[in-house]
Amino acid sequence: MANTVYDIIIIGGGPAGLTAALYGARSNLKVLVIEKMMPGGQAAITESIENYPGFPQGIAGFELGMKLHEQAGRFGAEMVVEEVVELQLAGQPKVVKTTQNTYEAKAVILATGAKNRALGCPGEEQFRGRGVSYCATCDGAFFTGKKVVVVGGGNSAVEEAVYLTKFAEKVTIIHRRDTLRADKVVQEKAFNEPKIDFLWNKVVVEITGQDQVTGVVVQDTVTGEKSTVATDGVFVFVGMEPQTALVAGQVELTEDGYIRADESTATNLPGVFAAGDVRKKPLRQVVTAVADGAVAAMAAEKYVENLK
Ligand code: NAP
């Protein structure tokens, strides 16, 4: 068992988790961040973040993640890259088990974020990494001079479609309605980009190919008619799913799986807080994630002080 009891353990090293670490460490608390991949979370795989205040030219998501990591570390937050496999959140101390270690803390901040939702159609799993991608920044260059489709009509789909025009000769956005969900300013960029065209009122019902993707079968949502679109790549951006499997049954969740926590970030369990995309909230952005992180750290600090 661990012999150090941390004041706060933060699960997840995205903007929410790293900001919580910064605020916690600056309050002289003993803070540990556990992240399974790399600093920055979902934001780190975004090519350019254009609406985070203070960066008028935008900032690469990866760079922002590294800067947040550096800043939290400068004030003494500890960070490990390990995968959490079990949480015991009721009672005191809280226990966090990873594949390598067991840690204990007085308070836990859940900042596990959300991951890309899959389409769930035949061929998607089979061609994952062989033409099917969920990250334009990671995989865009593989499609230089090729044709790709982007599925979805939200900010992610439309922004990433614009980004993919740097590489692909043609980008087709396939959306299930005839109007985009993306913000108007994002939509305008896509409408003005000659390499982008749109397939409206269509859902992808199958991804086809041999070794690599060669096409998608789409179905018209109005007429029900099916047709095939030839493509070399399929980029899927159909929304996010909260990463709450580890806390289900312990922490109260909404019907769609987000953690129920109010603006104070407190969950139903004393000493357990939720910050960032994993929390039920009206706006999921880097700026709201970092705000949650700061609030959660202050709330956790108050909780830890009251234990004394
Ligand atoms: P989103 O806003 O939830 O959009 C998901 C899109 O996928 C919607 O257009 C939805 O269609 C479509 N969709 C959902 N399930 C589908 C299915 N099974 N088949 C086909 N289409 C499906 O998700 P997101 O774009 O990933 O963004 C997530 C959050 O991050 C949002 O809050 C977004 O604003 C934010 N974000 C912001 C920025 C920015 O501000 N620059 C950039 C990226 C992300 P309907 O429209 O018909 O529902």
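**Exercise 1. Charges over rings**

Find which ring R284 lies over, and how far from the ring centre, in this predicted model.

*Solution.* Start at R284: it lies over the face of Y258, at 3.8 Å from the ring centre. Next, turn to R26. Its charged end sits over the ring of F75, 4.8 Å from the centre of that ring.

**Exercise 2. A set of rings**

Work out how the rings of F191, F198 and W200 are linked, and classify each pair.

*Solution.* Begin with the total: the structure holds 7 aromatic pairs. One of them joins F191 and F198, with ring centres 5.2 Å apart and planes at 50°. Planes under 30 degrees apart count as stacked and those over 60 as edge-to-face, so the F191 and F198 pair is tilted. Now step on to F198 and W200, whose centres lie 4.9 Å apart with planes at 0°, so this pair is stacked. Put together, the ring pairs link F191, F198 and W200 into a cluster.

Are F191 and W200 buried, exposed or partly exposed? Buried means under 20% relative accessible area and exposed means over 50%. F191 has 39% relative accessibility, so it counts as partly exposed. W200, at 27%, counts as partly exposed too.

**Exercise 3. The annotated domain**

Describe the stretch that UniProt lists as a domain.

*Solution.* First, take the limits from the record: an unreviewed UniProt entry lists residues 6–293 as "domain: FAD/NAD(P)-binding". Then look at the chain over residues 6–293, which is 19% helix and 29% strand. Finally, check the ends of this stretch: their C-alpha atoms are 17 Å apart.

Definitions and conventions:
Residues are numbered from 1 along each chain as its sequence is written. This is a predicted model: local features need pLDDT of at least 70, side-chain atom pairs count only at pLDDT 80 or more; totals for chains, interfaces and linings use all residues. Side-chain values use heavy atoms; hydrogens and water are left out. UniProt positions are given in the numbering used here, feature names are shortened, and annotations may be inferred rather than shown by experiment. Helices (H or I, at least four residues) and strands (E, at least two) are DSSP runs, numbered from the N terminus. Rings of Phe, Tyr and Trp (its six-membered ring) pair if their centres lie within 6.5 Å; planes under 30 degrees apart count as stacked, over 60 as edge-to-face and the rest as tilted. Buried means under 20% relative accessible area, exposed over 50%, partly exposed in between (1.4 Å probe, protein chains only). A charge sits over a ring if NZ of Lys or CZ of Arg is within 6 Å of the ring centre and within 35 degrees of the ring normal.
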